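Welcome to a short tour of a protein model.

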Amino acid sequence: MGMGKAPLFVRPPTDAERQALEDALRSPDAFVLRRAQIIRASAQGEQVGVIAPRVGFSGQAVRNVIRAFNAHGVAVLQPRSRRNRVIYSSFDTAGAEALRALLHQSPRLFDKPTSVWTLDLAAEVAYERGLTAWRVSGETIRATLARMGVRWRRAKEWITSPDPEYARKKARPILTGCSASRTRCGGAGWPIQPCTPGKMGTTPGA
């Protein structure tokens, strides 16, 4: 039987990093707080599968934060990174699939005042949901989708209903009663008359 992957943990923080983490654990910014909690828990020997449900992140998001701390230290606690020239938090395969799933939902589900996705909004929500350890650019979102063979114009129209028949219903409205058949309620050349269940229509002038 082959051996599985070794658990991922943060490296031992320096004294300065420990102080920064303590400060971050008192931060009113939920994003900073969660990342500090992840780093502290990992430093105390807790595994990703234990940390993730506690902070409300996916396992992949927790791993992203751990790797970011190991590479860049407490800079991972910064809520807005302007390191535009280094796309450190590019989506891996799991993250890209999570992004795809995200765009199938309305931004309103994430407390945004719009139902239309933009590249920057997708980047913002992906960061807030822990799909990236850093706030990426809108172009990173576009490039990630392109890597999966998806054009942004198509992706931003992905919002669907949980009803699997939603797309078909939306494309072909289902009409009922008189609206469904003008002929049965008087013919194409007649004005539509109200239909009363159980009663036959009468011909004008009869």
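## The chain as a whole

Please keep in mind that this is a predicted model. The protein chain has ten helices and zero strands, and its pattern along the sequence reads α-α-α-α-α-α-α-α-α-α. The protein chain has 206 residues, of which 34% count as buried. Among contacts with a separation of 6 or more, 56% are between residues 24 or more positions apart.

The buried residues of H1 are Glu17, Leu21 and Ala24. Viewed down the axis of H1, these buried residues fall within an arc of 60°, so they line one face of the helix.

## Two helix pairs

How do helices meet one another? Two packed helices are described by the angle between their axes and the distance between the axes. The table gives these values for two pairs.

| Helix pair | Angle between axes | Distance between axes |
|---|---|---|
| H3 and H4 | about 105° | 8 Å |
| H5 and H7 | roughly 100° | within 10 Å |

H3 covers residues 48-55 and H4 covers residues 59-72. Angles of 65 to 115 degrees count as roughly perpendicular, and H3 and H4 are therefore roughly perpendicular to each other. From H3, the residues Val48, Ile51, Ala52 and Val55 meet Gly59, Val62, Arg63 and Ile66 of H4. By type, the residues of this contact of H3 with H4 are six nonpolar, one polar and one charged.

H5 and H7 are likewise roughly perpendicular to each other. In this contact, H5 supplies Thr93, Ala96 and Leu99, while H7 supplies Ile141, Thr144, Leu145 and Arg147. The residues of the contact of H5 with H7 divide into four nonpolar, two polar and one charged.

Is Ser42 buried or exposed? Ser42 lies in helix H2, which runs over residues 30-43, and with a relative accessible area of 2% Ser42 is buried. Leaving aside neighbours within four places in sequence, Ser42 is in contact with Leu8, Phe9, Val10, Ile51 and Ile66. Ile51 and Ile66 also belong to the contact of H3 with H4.

At 46% relative accessibility, Pro7 counts as partly exposed. Pro7 and Val48 are 41 residues apart along the chain, and their C-alpha atoms are separated by 7.7 Å. Val48 is also one of the H3 residues that meet H4.

Next comes the loop between H5 and H6, where Asp111 lies. Most residues other than glycine have a negative phi. Asp111 is not a glycine, yet it has a positive phi of about 65°. With a relative accessible area of 74%, Asp111 is exposed.

## Ring against ring

How many aromatic pairs does the count come to? The count comes to two aromatic pairs. Phe31 and Tyr127 form an edge-to-face pair, with 5.8 Å from centre to centre and 65° between the planes. This pair links distant parts of the chain, since Phe31 is in helix H2 and Tyr127 in helix H6, 96 residues apart. Tyr127 is buried, at a relative accessible area of 1%.

Phe110 and Trp117 have ring centres 6.3 Å apart and planes at 45°, so the pair is tilted. Phe110 is buried, with a relative accessible area of 14%. Trp117 also counts as buried, at 1% relative accessibility.

Methods. Residues are numbered from 1 along each chain as its sequence is written. This is a predicted model: local features need pLDDT of at least 70, side-chain atom pairs count only at pLDDT 80 or more; totals for chains, interfaces and linings use all residues. Side-chain values use heavy atoms; hydrogens and water are left out. Axes are lines fitted to C-alpha atoms, for helices over the stretch in contact, and angles run from 0 to 180 degrees between N-to-C directions. Helices (H or I, at least four residues) and strands (E, at least two) are DSSP runs, numbered from the N terminus. Angles under 35 degrees count as roughly parallel, over 145 as roughly antiparallel, 65 to 115 as roughly perpendicular and the rest as oblique. Contact means heavy atoms within 4.5 Å. Ala, Val, Leu, Ile, Met, Phe, Trp, Tyr, Cys and Pro count as nonpolar, Asp, Glu, Lys and Arg as charged, and the others, Gly among them, as polar. Buried means under 20% relative accessible area, exposed over 50%, partly exposed in between (1.4 Å probe, protein chains only). Rings of Phe, Tyr and Trp (its six-membered ring) pair if their centres lie within 6.5 Å; planes under 30 degrees apart count as stacked, over 60 as edge-to-face and the rest as tilted. The arc is that of the directions from the helix axis to the C-beta atoms.
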